[in-house]
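User: I'd like a close look at one part of this model, the place where the two chains meet. Could you walk me through it?

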Amino acid sequence: MCTVCGCATARHGDGHAHLHGNGHGHDHRDHAIDFGEGLAGVTVPGMSQERTITIERDILARNAIHAQANRDLLDASGAFALNLLSSPGSGKTTLLVRTIAALQDRWSLAVIEGDQQTSLDAERIRQTGVPAVQINTGKGCHLDAHMVGHALDQVPLDAGGLVFIENVGNLVCPAAFDLGEDARVVVLSVTEGEDKPLKYPDMFAAADLMVLNKSDLLPHLDFDVEACRAAALRVNPDLPILIVSARTGAGIDAFAAWIEARAALVGKRR
Amino acid sequence: MHEVSLIENVIALVEHERTKSAFARVSMIRLRLGALGHAEPAALRFCFAAVTAGTIAEGSGLEIEIVPGEGWCPDCGNTVALAQRFDACPVCQGNQVKMTAGDDLRVVEMEVA
């Protein structure tokens with residue numbers, strides 16, 4: 001159950017929904033949390049006069065409250081959380097599988113997978129022996145902090161813990177939603193074009209690291225790495241950039257080292 | 001289209017207001033959006049009627065005030081207008097301009113009855 005809103009609205013993949021944290025020992029790791037069912041408010045008429053109500057609140061205030069609850073939970077447990085963002089097909093899951101292999105013996109790992117449909121990614125992660133929770137967003141194009149809060153209830157969180165949150169593949173919408181993560185990593189693959197940081201600046205402006213993936217394909221493409229780097233730095237002048245091939249493993253050690261340095265920076269280290 | 005989620009969040013704020021003061025319907029919702037923010041006004045307007053259908057905000061109008069983008073250039077010290085997040089400084093052409101305004105995403109007020 002949500003400690004923020006007290007809801008238990010998310011349905012599991014097999015159609016059941018219920019409160020969590022009430023002491024029963026039911027295992028959720030094998031099926032997805034489904035947020036596809038719509039939120040429909042109910043109108044309850046009352047009598048009052050026409051008037052103006054001043055609100056002055058951030059539209060994402062509710063997300064911000066959930067994000068802070070996630071941050072508090074992560075900080076209290078000592079676990080470090082990374083939000084992985086990219087377009088579909090950039091190789092996030094392959095990158096994760098490689099990174100898990102590099103960090104598995106030093107960290108207690110868990111993965112939260114976000115996709116509109118299927119548990120395919122969570123199943124791939126579980127084959128590495130790491131626990132994975134699949135969130136299905138239904139029609140949703142991004143993860144929000146509320147969904148991630150439910151998923152965090154289901155992964156082991158402790159000091160020396162590292163939680164990867166693989167967002168829905170989308171270079172636009174996920175940028176707006178703080179999940180309470182410690183750091184954001186945007187993954188761009190060399191098959192996508194070097195101008196993507198300029199075309200989708202919100203995502204790159206909000207990132208703490210850019211991973212340029214599929215570098216093994218560079219000999220076959222016209223992709224200009226330096227032009228891509230310049231585009232990314234124009235949007236985010238301080239953005240560190242790592243060149244990686246999740247397929248061959250090149251650059252994975254540097255990515256793993258960045259994660260460990262970042263975790264140490266916020267006081268969460270193995 | 002995350003604008004659907006944003007309108008759902010607006011409805012949640014409206015519902016929250018109704019727990020503080022009773023009203024039967026909403027005739028107008030006013031938003032303030034930054035020109036450099038994450039939401040596209042046209043997309044918000046496009047999905048507004050569909051997302052509010054069946055909620056307390058069904059039938060409400062939507063007004064969107066746009067806050068222009070503004071930044072501060074550490075190279076020349078000027079406050080400058082920004083049309084895009086990553087624009088160079090129009091005074092010194094520096095590329096380090098820090099956005100200072102235009103990232104708003106707020107519900108300002110609403111008219112209810």
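To start with chain B, what percentage of its 113 residues do buried residues make up? And from there, which parts of chain A touch chain B?

Analyst: Buried residues make up 37% of the 113 residues in chain B. Keep in mind that this is a predicted model, with an ipTM of 0.81 and a pTM of 0.83. Chain B has an average pLDDT of 92, and 99% of its residues reach at least 70.

Let's stay with chain B for a moment. Two helices and six strands make it up, in the order α-β-α-β-β-β-β-β from the N terminus. Its radius of gyration is 17 Å, whereas the globule rule gives 13 Å for 113 residues, so chain B is more spread out than a compact globule. You can see that in the box its C-alpha atoms fill, roughly 55 × 25 × 15 Å along the principal axes. Of the contacts in chain B between residues at least 6 apart in sequence, 70% link residues at least 24 apart.

Chain A, for its part, carries eight helices and 10 strands. Buried residues account for 44% of its 270 residues. With contacts counted between residues at least 6 apart in sequence, 74% of those in chain A join residues at least 24 apart.

Now the meeting place itself. Here 36 residues of chain A are in contact with 34 residues of chain B. On the chain A side, the elements that give two or more residues are β3 (51-58), α1 (61-77), α6 and α7. The largest share, eight residues, comes from β3(A). Sorted by class, that side of chain A has 17 nonpolar, 10 polar and nine charged residues.

What does β3(A) do there? It is joined by six bridges to strand β6 (residues 105-112) of chain B, and the two run antiparallel. One of the paired positions is Arg51(A), whose bridge partner in β6(B) is Val112(B). Further along, Glu56(A) also sits in strand β3 of chain A. Once neighbours within four places in sequence are left aside, Glu56(A) is in contact with Arg106(B) and Val108(B). Glu56(A) still counts as exposed, because 9 other C-beta atoms lie within 10 Å and the cut-off for exposed is 12 or fewer.

Helix α7 (residues 225-235) of chain A is also on the list of elements that touch chain B, and its buried residues are Cys228(A), Ala231(A), Ala232(A) and Val235(A). These four cover an arc of only 95° around the axis, which puts them on the same side of α7(A). As for what they pack against, it's α5 (196-199), α6 (201-205), β9 (209-213) and β10 (241-243) of chain A.

The loop between β9 and α7 of chain A holds Lys214(A). Its phi is near 65°, a positive value in a residue other than glycine. Lys214(A) counts as buried, because it has 25 C-beta neighbours inside 10 Å.

Technical notes: Residues numbered from 1 in each chain as written. Chains lettered and ligands numbered in written order. Predicted model: local features only at pLDDT ≥ 70, side-chain atom pairs only at ≥ 80, totals over all residues. Buried ≥ 20, exposed ≤ 12 C-beta atoms within 10 Å, placed from the backbone. Contact = placed C-beta atoms within 7 Å. Arc of directions from axis to C-beta. Rg over C-alpha atoms; globule rule 2.2 N^0.38 Å. Nonpolar A, V, L, I, M, F, W, Y, C, P; charged D, E, K, R; others polar. Pairing = 2+ DSSP bridges. pLDDT = per-residue confidence, 0-100.
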